[in-house]
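This report goes through a structure by its domains, its chain interface, its helix packing and some backbone details. Please keep the sequence and the model in view while reading.

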Amino acid sequence: MRNQKLLLLGDEAIAQGALDAGLSGIYAYPGTPSTEITEYVQRSAESAARYIHCRWSANEKTAVEAALGMSYGGKRAMACMKHVGLNVAADPFINSGITGANGGLLITVADDPSMHSSQDEQDSRFYGKFALVPMLEPANQQEAYDMCFRGFELSEKYRLPVMLRITTRLAHSRAGVVRREPLPENSLQLPQDMRQFVLLPAISRRRYKKLLETQHALLAESENSLFNQYVDGPDKSRGLIVCGIAYNYLMENFLDGPCPHPVLKIGQYPAPRSMVARLVDEVAEVLVIEEGMPFVEEYLRGLLDRGIRVRGRMDGTLPRDGELNPNLVRLALGMNDEAGPAVPEIVAGRPPALCQGCGHADTYDAMNAAIKAVFGDGHVFSDIGCYTLGALSPYQAINSCVDMGASITMAKGAADAGLFPAIAVIGDSTFTHSGMTGLLDAVVENANIVVFILDNSTTAMTGGQKSHAEGRLAQICRGLGVPEEHIHVIVPLRKNHEEFVRIIKQEIEYKGVSVIIPTRECIQTFRKKAKAKKEQ
Amino acid sequence: MKIDIILAGVGGQGILSIATVIGYAAVESGLFLKQAEVHGMSQRGGDVQSHLRIADRDIYSDLIPAGNADMILSVEPMESLRYLPYLAKNGWLISNTTPFVNIPDYPPEEQVLAEIRKQTHHLLLPADEIAREVGNPRGMNMVMAGAASRFIDIPFEKMEEGIRFIFRGKGEAIVASNIAALQAGRKYAIEN
C-alpha cells in the first residue's frame, strides 16, 4: 500500500488518510461539500473488513458526541460535517475542547465560500479559535491525506480534538495522492483520569485552565510544523500570507519562476506568531490571501489597525465575500487581467429545479391550491432540502428556509403571533435531524399548525443517502403526541390531487397540530434502483 | 505541456464521464491531473461545469485561471458561452448543437449558435445525432470526448482504454458501442 498513488477527491483523500491513520469510526450527517468523506469509508472494502463504524448519524450533534464517545474509549474517531453542521454540533464541539480527547479525535469541517450549496459562508476557523483547539487547513489533496496522520498524532499528544478545515473547491476536486504505510487502530483503552469527561463546574474550571496553559505548546507546534512554511524572496516591497488552498491561487500566477516576494504558507493553527513577525518585520506591506472570511487578516490588523500595512479582503484588495480564484489573486497582486471574451448577454441563468416527476411538485401543487389560492402568500415555512426549490417558479410556494428544523418552530412562533394558517414543510431526513423536538414544542402547547413531512425515503439533495426516518415517521409523530386522526399519509400523485387538497383544507380548520405525510420515493433513487436491478 | 479544459453542461447530462475518460487517458500517459467538479444543489438541472487540468508537471490551482482554458467542451450550446471568460486567445470552443431547454427564457437557438460561430476556433457538432447513427443514442458524451481528442495531445488509444475501464462491469457490448461513439466524434472533428 505504501507509495500507492490514487486519484482522489479532497473528501476522499481525507477518508483514505483517516483509514490509513488508524481510524476506528466515522460519524456524520450528509452535507455538501462534506458528504463524500463518509461515503468513501462506506464503500471501502478495507473499512468493511476492519468493521469501521460508518453508518450515518441523525445529525451533526449526535455525530460529534458519538465520535467523542469513541475517543473516550481510546480509539481514533472522526466526525465530519459541512460548515453549518458545526453550528448544530457547536455544543459538543466547544465542550470537547474542555473535556479533551482520549483516542485521536478529528473534527472535519467543509466550508462553502460562495454558498454553492449552502445558506451562508461562515468560516469554521473562528470555531476552532473559539474552542482553543489546533486546526489544520490543507492546500491540496495530498496535504488533506497527510493531515489526517498529523491530526490524530497532535490529538493524542495533547489529548485534544483537532479541527481539519477544508473548503468546497478542495472537497470536490480530484488529484493524485500517494499513500503512506498504514497505522494500526488503537485498542479499547479508558481515559487515565476517570473524571476527565465530567464537566462539573469544579472540574471544568481545572480543565479550562489546563486548556489555556496548553496554548503555548500548540503555538510552538505551529512554529515547527511542516505545514507552515516561510519561503524568502528578494522583493520586500510586499510579503504574502496565504492560508490553505489560497497558496495554489498565488503560485498559479508564478509558474515560470519563484514568487519574488517572501511567502508565509499557513496550514496549521494557531497561526505561527514568530513566522508572521518575521514577515512583518521584513516587508513594506503584507497581503493576506485566505479562503473564507478574513480570519488571519483581522487578527493581524487588530482592533486599531495601525502600524502594520495590511492588504486583503478587508480593504477591498480582494473581495470581502465569495470564493477566491487565480484571477482574483492575480488582480490583487497588480498583474494584468487575462480574462477572455465576456459572456454574451443572451446567456440566461439556469437555476436548479425539482426533477421531472418529483413528488414534491405534486405536493406543492396541492398546497398552492389549498393555501395560497385561499389565504394568499406568506403562510408557509420551509426547511433545508430539495423541496427548498419550491421557493422558485413555477411554485413560489414557500416563505422561509433558515436552518435544519426551523420550519416547524417558525410556524409555531408565527401561529403564536396570530398567523393563520401557519404551515410547515420539512423533509423526512431533516425532520429526524432537527424537526422532532420542534414538533414536541408544538404538541405540548397544542399550537395551531399544519406540518407537512415530505417523505421521499432518502436524503435526496446530497445524493440519496439512507434516511433515519425510513418507515418511522407516523410512529414518531404519534409518539410525540400528535393525535392519530390528524396524521395523514398520502401519495402525492396527480390522480390524488383533489383528495390531497381536501385533507389540507380539513386540517387547516382543525385547531391543533396536524401532520400530513406525502409519501413517494425520490425519482432519482427510484431510477438508480431500477437501473441497478436491470444490470443484475 | 498543459491542457486546461472547461467541461460544461446541465446537471444530469453527465459531463463527469467525459472528464473520467480524458482523465484516465492522461494519468495512464504519466501526466498530472486536477479535476474540479460540481456536486450538490446545481446537479438538479442547473448549470454545471468541471475544470479538467492536465500537465506534465505539478498543477497548483484546482481552478483554471480566466483566459487560460485551451478548450471549452460543452454538451449544450448555451452552456458553452457561459464560460467564455475562461477561454484562451487560441483556445477551442467545442459544443454539441442540441439545446437543453428547461428554463422559460432560453434564447433563440440560432442566436446561440451565432455567438458560438463568432469564436475564432470553434467546432459545432450534432453529437446526439452522431450517437444515434452509431447505434448508441445515450453515447452523446463519448462523441464529445472523441471530438475533443483531436485537439488533445494524448494517445487516442489511451482514451479507448479509459472507456474500457469505466464500462468494464457492463459487458463488452456497452464498451464497444461507447468506443464506436468516441471514434465517430473524433472522425467528425477531423472531417469538419
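Helices (H or I, at least four residues) and strands (E, at least two) are DSSP runs, numbered from the N terminus. The model is predicted: local features need pLDDT of at least 70, side-chain atom pairs count only at pLDDT 80 or more, and totals for chains, interfaces and linings use all residues. Residues are numbered from 1 along each chain as its sequence is written, chains are lettered from A and ligands numbered from 1 in the order in which they are written, and side-chain values use heavy atoms, with hydrogens and water left out.

**Backbone details of chain A**

A:Thr32 and A:Pro33 are joined by a cis peptide bond with omega about 10°. A:Pro33 sits in the loop between strand S2 (23–28) and helix H2 (35–43) of chain A. The bond from A:Tyr269 to A:Pro270 is cis as well, with omega near 10°, and A:Pro270 is found in the loop between strand S11 (268–269) and helix H12 (273–282) of chain A. A:Ser114 is not a glycine, yet has a positive phi of about 80°. Its place is the loop between strand S4 (105–111) and helix H7 (125–131) of chain A.

**Domains and the chain interface**

Domain bounds come from an automatic or database domain assignment. Chain A is split into domain 1 (5–191 + 199–223), domain 2 (229–332) and domain 3 (359–526). The centres of domain 1 and domain 2 of chain A, taken over C-alpha atoms, are 26 Å apart. Contact means heavy atoms within 4.5 Å; 28 residues of domain 1 of chain A touch 28 residues of domain 2 of chain A in this way.

The size of an interface is often given as the accessible area lost when the parts come together. Here buried area is the accessible area (1.4 Å probe) that two parts lose on being put together, summed over both. Domain 1 and domain 2 of chain A bury about 2,400 Å² between them, with 53% of it on carbon and sulfur atoms.

Between the chains, 47 residues from chain B and 51 residues from chain A take part in the contact. The area buried between chain B and chain A is about 4,000 Å², and carbon and sulfur atoms give 56% of it. On the chain B side, B:Met41, B:Arg44 and B:Tyr60 lose the most area to chain A, together 22% of what that side buries.

**Helix packing**

Two packed helices are described by the angle between their axes and the distance between the axes. Axes are lines fitted to C-alpha atoms, for helices over the stretch in contact, and angles run from 0 to 180 degrees between N-to-C directions.

| Helix pair | Axes come within | Crossing angle |
|---|---|---|
| H17 (428–444) and H18 (473–480), chain A | 10 Å | roughly 20° |
| H6 (90–99) and H10 (201–223), chain A | 8 Å | roughly 85° |
| H1 (15–28) and H5 (140–149), chain B | 9 Å | roughly 40° |

Angles under 35 degrees count as roughly parallel, over 145 as roughly antiparallel, 65 to 115 as roughly perpendicular and the rest as oblique. H6(A) and H10(A) are therefore roughly perpendicular to each other. In that pair, A:Gly97, A:Ile98 and A:Thr99 of H6(A) meet A:Ser204, A:Arg207, A:Tyr208 and A:Leu211 of H10(A). For residue classes, Ala, Val, Leu, Ile, Met, Phe, Trp, Tyr, Cys and Pro count as nonpolar, Asp, Glu, Lys and Arg as charged, and the others, Gly among them, as polar. The residues of the contact of H6(A) with H10(A) comprise three nonpolar, three polar and one charged.

In chain A, the axes of H17(A) and H18(A) cross at roughly 20°, which makes H17(A) roughly parallel to H18(A). Residues on both sides form the contact, including A:Phe431 and A:Leu439 of H17(A) and A:Ile476 and A:Leu480 of H18(A). The contact residues of this pair divide into nine nonpolar, one polar and one charged.
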